[in-house]
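Hi,

Here is the structure I promised to pass on.

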Amino acid sequence: MTARPLEIAAKPYPFRVADRDAVALLVIDMQRDFLEPGGFGAALGNDVKRLQRIVPTVRRVLDAFRDHGLPIIHTKEGHRLDLSDCPPAKRSRGAPGMRIGDVGPMGRILVLGEPGNDFVPELAPAPGELVVPKPGKGAFYRTGLDARLAALGVSHLIIAGVTTEVCVQTTMREANDRGYECLLIEDATESYFPEFKAATLEMVRAQGAIIGWTAPAAAVLEAL
């Protein structure tokens with residue numbers, strides 16, 4: 001089979017892939033607990049409307065990957081019912097009475113299977129798309145994601161999701177350590193703090209793409 005190269009206009013220089021069949025879209029934690037009132041993000045005192053703004057852009061990228069038959073992976077941060085996979089240092093974050101595992105307007109916060117832990121409806125996974133529950137910030141920690149990507153023949157990741165400086169950046173650094181080439185879609189990721197997002201974009205593409213590349217969604221869609 002003839003390889004189909006892909007080149008995306010990106011920073012700090014073009015993101016090149018020898019064969020687009022080695023590319024997957026990784027959508028990080030587009031969950032109600034982070035994007036809607038009553039979830040964990042709001043419980044921490046954040047304005048969740050900032051994260052909601054990227055939903056249409058993420059959907060456009062999802063649709064493009066679906067149209068081209070390229071792999072899509074959705075991650076979902078969440079914990080077991082008994083919180084046995086949630087360390088005390090993580091559970092202690094948040095306002096009293098609204099910590100991980102506590103009952104909020106959308107069920108127990110960041111607990112797998114609860115309504116708030118589900119994806120926002122506009123970005124629900126399609127049949128056949130891989131969903132990876134994760135107990136940590138990074139998508140590779142205690143998930144088996146590395147083996148699943150290897151089975152798909154994936155070497156390059158196009159990344160979207162939230163939040164830019166926490167779960168997204170952690171995942172990019174984990175992926176970089178494992179040898180994946182990563183591109184973060186600038187307008188398909190967001191933070192509750194605009195200055196944190198801006199700093200993260202600069203950090204990942206600094207020193208010749210030391211962690212990865214960044215590009216707007218329009219550049220990704222045009223390349224596809």
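Before the notes, one cut-off: a residue is called buried when its relative accessible area is under 20%, and exposed when that value is over 50%. Also keep in mind that this is a predicted model.

**The strand in the middle of my notes**

Which residues cover each side? H156, I158, A160 and V162 sit on one face, L157, I159 and G161 on the other, and both faces are covered.

To get from β8 to β9 the chain passes through α7, making a right-handed β-α-β crossover.

**The largest pocket**

The largest pocket holds about 310 Å³ of space. Its lining consists of 18 residues, and those nearest the centre are F34, F40, L44, K137 and V166. Two or more lining residues come from each of α2 (40-43), α5 (88-91) and α7 (164-177). Which element gives the most? That is α7, with 3 residues, the helix that also carries the crossover from β8 to β9.

T57 belongs to helix α4 (residues 55-67). Is T57 buried or exposed? Its relative accessible area is 9%, so it counts as buried. Apart from neighbours within four places in sequence, T57 is in contact with D187, A188 and A217.

G94 sits in the loop between α5 and β5 (103-104). With a relative accessible area of 26%, G94 is partly exposed. G94 and A43 are 51 residues apart in sequence, but their C-alpha atoms are 6.5 Å apart in space. Setting aside neighbours within four places in sequence, G94 is in contact with L44 and R99; L44 is also one of the residues nearest the centre of the largest pocket.

**Backbone geometry to check**

Most peptide bonds are trans, and most residues other than glycine have a negative phi. Here are some spots that go the other way, in case you'd like to look at them before setting anything up.

- The K11 to P12 peptide bond is cis, with omega near 5°; P12 is in the loop between β1 (6-8) and β2 (15-17).
- V162 and T163 are joined by a cis peptide bond too, with omega about -20°. T163 lies in the loop between β8 and α7, while V162 is one of the buried residues of β8.
- R142 is not a glycine, yet its phi is positive, near 55°. R142 is in the loop between β7 (130-134) and α6 (145-152).
- Q207 has a positive phi as well, near 50°, and is placed in helix α8 (residues 194-209). Q207 counts as exposed, because its relative accessibility is 70%.

Cheers

Terms used: Residues are numbered from 1 along each chain as its sequence is written. This is a predicted model: local features need pLDDT of at least 70, side-chain atom pairs count only at pLDDT 80 or more; totals for chains, interfaces and linings use all residues. Side-chain values use heavy atoms; hydrogens and water are left out. On a 1 Å grid over the protein atoms alone, a cavity is a set of points where a 1.4 Å probe fits but cannot get out, and a pocket is an open set with protein on both sides within 12 Å along at least five of seven lines; lining residues have an atom within 4 Å of a point. Grid points are joined across faces, edges and corners, and a volume is the space filled by probe spheres set on the points. Helices (H or I, at least four residues) and strands (E, at least two) are DSSP runs, numbered from the N terminus. Buried means under 20% relative accessible area, exposed over 50%, partly exposed in between (1.4 Å probe, protein chains only). A crossover is right-handed if, with the strands pointing away from the viewer, the path from the first strand over the helix to the second runs clockwise. Contact means heavy atoms within 4.5 Å.
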